[in-house]
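Subject: Structure handover

Hello,

My notes on what was found in it follow.

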Amino acid sequence: MLNVQGLTTEYADGKGKAVRAAKDISFDVPQGKLFTLLGPSGCGKTTMLRSIAGLERPVKGNISVEDVTVYSAGKGVFVAPNRRNFGMVFQSYAIWPHMSVFENAAFPLRVSKAGFSKKQIEEKVERVLKAVALESYAGREATRLSGGQQQRLALARALVMEPRLLLLDEPLSNLDAKLREQMRFELKRLQRELNLTTLYVTHDQQEALALSHQIAVMNDGQIVQLGSPRDIYEAPQTRFVADFIGSSNFMECKVAARGSEAGRWAVESPAGTIEVVSEEALDVRDKLTVAIRPENVHLIEPGKENGASGNLLEGRVDTKVFLGECVDYMVSVGETRLLARVHPSLRTPIGNPILVNIDPAKVNIITR
Ligand SMILES: Nc1ncnc2c1ncn2[C@@H]1O[C@H](COP(=O)(O)OP(=O)(O)O)[C@@H](O)[C@H]1O
Ligand SMILES: [Mg+2]
């Protein structure tokens, strides 16, 4: 539905030189899906969103919506932002303080050249206020809404023109943690119910994993990995992705031999020799980096390892932190320490021996 091809946007650096904020970005957002650009502050997310909205003029590439070109460097096409019919909510969403909830939501209709009748405006506003569960607040002054309600009102105002594409730039970042989680569910529900094609921008990995059909992880103006939330989390391809999304134990390893079965390889790691799974053949003596999620480092008390399969290493409990729903153990294994996130039922004291159990399939080989 939204197709972005080779988009590059530059800014002048103040000394007459151009700085590339987004470099050769390509992706597709299918109809009715939520696509997220995820990355650290300054990686070019807002630049991309503004380029798609037509608020920045890229230097290269193409943007089309429903097969209609709205920007093309090659063909010299640039459709003005107000003619693209996109809905937008930015981080600092502006609610009009002197207007009621109803008037805030009605504003885009009133200034529209389409000339909506009083009855049409009433109908459309009622529909969007209902969608964001603000229908009983229509007469209230907008400033007398809670943060979450103001956020929903900003969304209603973006939706009232029935945009074909919704662009959201960190729309939840001004809310406190509890409300942010709640709004995640609301957004997801709205997006699904109204079948909204949405491009979402955030630096918050939890938010991206919770909301998205597809995620493009960005770093330094480029997309470094694109996939489903599960792909991105379970099979990060680069050290940057493995580190930025969730946490990982990294180890520098050397391939030692073929493993116990096809597709498996024994590698020497600072924790000892472990088996890993690789679809590609590995060369003995090759160096590689592996990343293992803390929740995939299982801990077993010595004597209870019967029936455990996969890698089994001897370690010792260094420190542990109780987090309520889980406990983080730091375990010394060989020449390294591994972080293990385990169920609170494990009560091994600090200093005691512990067995570390890792499924070879859960060891990610990092390529870059
Ligand atoms: N108007 C501007 N003029 C010059 N540089 C800019 C401008 N806007 C953003 N930048 C630079 O472009 C890069 C990407 O910024 P931005 O797209 O805002 O990142 P993000 O939204 O991911 O935090 C940053 O290095 C930023 O300093
Ligand atoms: Mg930004």
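E122 and K118 form a salt bridge through their side chains, with 3.6 Å from N to O. Please keep in mind that this is a predicted model. The two residues are about one helical turn from each other, because they sit four residues apart in helix α3. K118 is exposed, at a relative accessible area of 66%, while E122 counts as partly exposed at 35% relative accessibility. Elsewhere, K124, R127 and E162 are joined into one network by salt bridges that share partners.

In general, side chains of opposite charge can pair when their charged atoms come close. The search of the whole structure gives 19 salt bridges.

D220 counts as exposed, because its relative accessibility of 53% is over 50%. K23, with a relative accessible area of 22%, is partly exposed.

The other is between the side chains of K45 and E170, at 4.0 Å from N to O.

As a general point, nonpolar side chains tend to be buried together in soluble globular proteins. The largest nonpolar core here has 34 residues, and V125, L129, L153 and L155 are the ones that touch the most other members. The elements that give two or more residues to this core are α2 (101-111), α3 (118-131), α4 (147-159), β8 (165-169) and α5 (177-193). Helix α4 supplies the largest share, six residues.

Apart from neighbours within four places in sequence, L129 is in contact with V101, F102, A105, L134, E135, A138, L153 and A156. There is also a second, separate core of 28 residues, which includes W265, V317, Y329 and I354.

On domains, the domain assignment gives domain 1 (2-239) and domain 2 (249-366). The centres of domain 1 and domain 2, taken over C-alpha atoms, are 41 Å apart. How many residues of each domain are in contact with the other? Eight residues of domain 1 are in contact with seven residues of domain 2. The area buried between the two domains is about 650 Å², with 43% of it given by carbon and sulfur atoms. On the side of domain 1, Y233, P236 and R239 lose the most area to domain 2, and together they account for 77% of what that side buries.

Four residue pairs are in polar contact between domain 1 and domain 2. One salt bridge is found across this interface. R239 also forms a salt bridge with E252, with the closest N and O atoms 3.3 Å apart. Among the elements of domain 1, helix α7 (residues 229-234) gives the most to the side that touches domain 2, namely three residues.

Regards

Note on methods: Residues are numbered from 1 along each chain as its sequence is written. Chains are lettered from A and ligands numbered from 1 in the order in which they are written. This is a predicted model: local features need pLDDT of at least 70, side-chain atom pairs count only at pLDDT 80 or more; totals for chains, interfaces and linings use all residues. Side-chain values use heavy atoms; hydrogens and water are left out. A nonpolar core is a set of buried Ala, Val, Leu, Ile, Met, Phe, Trp, Tyr and Cys residues joined through side-chain atoms within 4.5 Å. Buried means under 20% relative accessible area, exposed over 50%, partly exposed in between (1.4 Å probe, protein chains only). Contact means heavy atoms within 4.5 Å. Domain bounds come from an automatic or database domain assignment. Buried area is the accessible area (1.4 Å probe) that two parts lose on being put together, summed over both. A polar contact is a pair of N or O atoms within 3.5 Å; within protein, one must be able to donate a hydrogen and the other to accept it, and residues adjacent in sequence count only if both atoms are side-chain atoms.
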